[in-house]
Amino acid sequence: RFFGEPVVEACVENGASCLDISGEPQFLEGMYLKYNEKAAQKGVYVVGSCGFDSIPADMGVLYTRDKLKGTLTAVESFLSVKSGPEGVCVHDGTWKSAVYGLADEDNLRKLRKKIGYAPVPVVGAKLKKRGFLFYNREFKEYSVPFMGSDGSVVKRTQRYLHTELQETPVQYGAYVNVGGLGSVIKLMFAGMLFLLLVKFNFGRKLLTKYPEFFSAGRFTKEGPTQKQMDGTSFTMTFFGEGYSEGQDPQSGKPNVKICTEVKGPEPGYVATPIAMVQAAVSLLEDAASLPKRGGVYSPGAAFSKTKLIDRLNSRGVEFSVISRPEV
């Protein structure tokens with residue numbers, strides 16, 4: 001939001017491709033609006049959100065699609081983060097992104113109007129949006145919608161694959177598991193306070209000055225200790241539904257299901273650099289499999305035909321099928 005554009009601009013002007021780990025939709029989509037054509041003319045690739053959580057989400061949807069025998073039409077993902085006795089901790093940079101992103105939501109809407117995205121058609125049964133809080137029987141805990149950029153990143157990928165490659169678009173819902181009732185009460189209290197403060201300049205100053213206090217120690221200016229990182233891991237589980245081979249997705253109910261998973265080490269400081277470096281290696285070594293022309297892309301749009309998933313699998317960010325499609 002504040003420091004990203006000069007890097008993108010310098011790369012495009014000088015004919016260098018550019019990867020980043022931004023999770024801010026306004027920045028990502030703003031760069032698309034301003035630099036997509038210039039990057040295409042220069043033949044360079046600008047790919048944002050190449051860290052956790054967008055690479056597991058975006059590539060996870062594509063992996064699920066490729067493992068289903070038939071046509072995948074909808075996916076829901078559920079993120080679980082496990083920590084050791086030392087707990088989980090993240091630098092306050094991520095916290096600031098959330099503060100400024102929520103405060104500036106109106107401008108994101110205006111930006112999307114300016115881009116004038118073509119609507120992504122709904123194929124198959126419409127994926128129902130879940131409520132703000134619900135009990136998840138599969139995990140035996142409560143879940144809430146995931147507030148990160150995954151929904152917008154996956155949608156950009158699906159729009160690109162549909163319009164440019166005529167692939168069937170997949171509907172997507174992103175959620176995070178938050179635990180039992182005690183965790184829910186804490187989260188709701190903290191969430192309400194956050195949403196109230198973020199609306200005012202004074203509130204935003206408080207939130208960014210005292211991240212540790214307002215996040216109950218989850219976000220700090222120091223970031224995590226080595227012990228905290230060693231004890232933390234993530235799992236993203238994908239529940240997909242679709243139509244078996246020969247079945248028309250535009251008629252009747254979905255008749256096949258699949259469950260896949262992406263799991264890896266501590267997400268922010270271990271899995272993110274793995275994802276980013278392997279995305280860069282794919283950009284260099286799988287050049288023939290990249291989109292035909294340069295431009296500003298989401299990870300799935302840039303890397304859907306590359307060996308990125310194989311590269312991640314061999315480095316500890318693992319994609320696997322949990323249950324095969326059942327008719």
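Guide: Below we chat about a cavity, a pocket and an annotated stretch. This is a predicted model, where local features need pLDDT of at least 70, side-chain atom pairs count only at pLDDT 80 or more, and totals for chains, interfaces and linings use all residues. Residues are numbered from 1 along each chain as its sequence is written, and side-chain values use heavy atoms, with hydrogens and water left out.

Visitor: How many cavities of 30 Å³ or more are there?
Guide: The count is 1. A cavity is a set of points on a 1 Å grid over the protein atoms alone where a 1.4 Å probe fits but cannot get out. The largest cavity holds about 60 Å³, the space filled by probe spheres set on the points.

Visitor: Which residues line the largest cavity?
Guide: Among them are F27, L28, M31, R156 and Y297, where lining means having an atom within 4 Å of a point. α2 gives the largest share, 3 residues.

Visitor: And what's the volume of the second largest pocket?
Guide: About 590 Å³. A pocket is an open set with protein on both sides within 12 Å along at least five of seven lines.

Visitor: What lies nearest its centre?
Guide: Of the 28 lining residues of the second largest pocket, Y160, T163, E164, Y297 and A301 do. Helix α6 gives the largest share of that lining, 7 residues; helices are DSSP runs of H or I, at least four residues, and strands are E runs of at least two.

Visitor: New topic: which residues does the "transmembrane region" annotation cover?
Guide: The unreviewed UniProt entry puts it at 172–198, and such annotations may be inferred rather than shown by experiment. Residues 172–198 are 63% helix and 30% strand.
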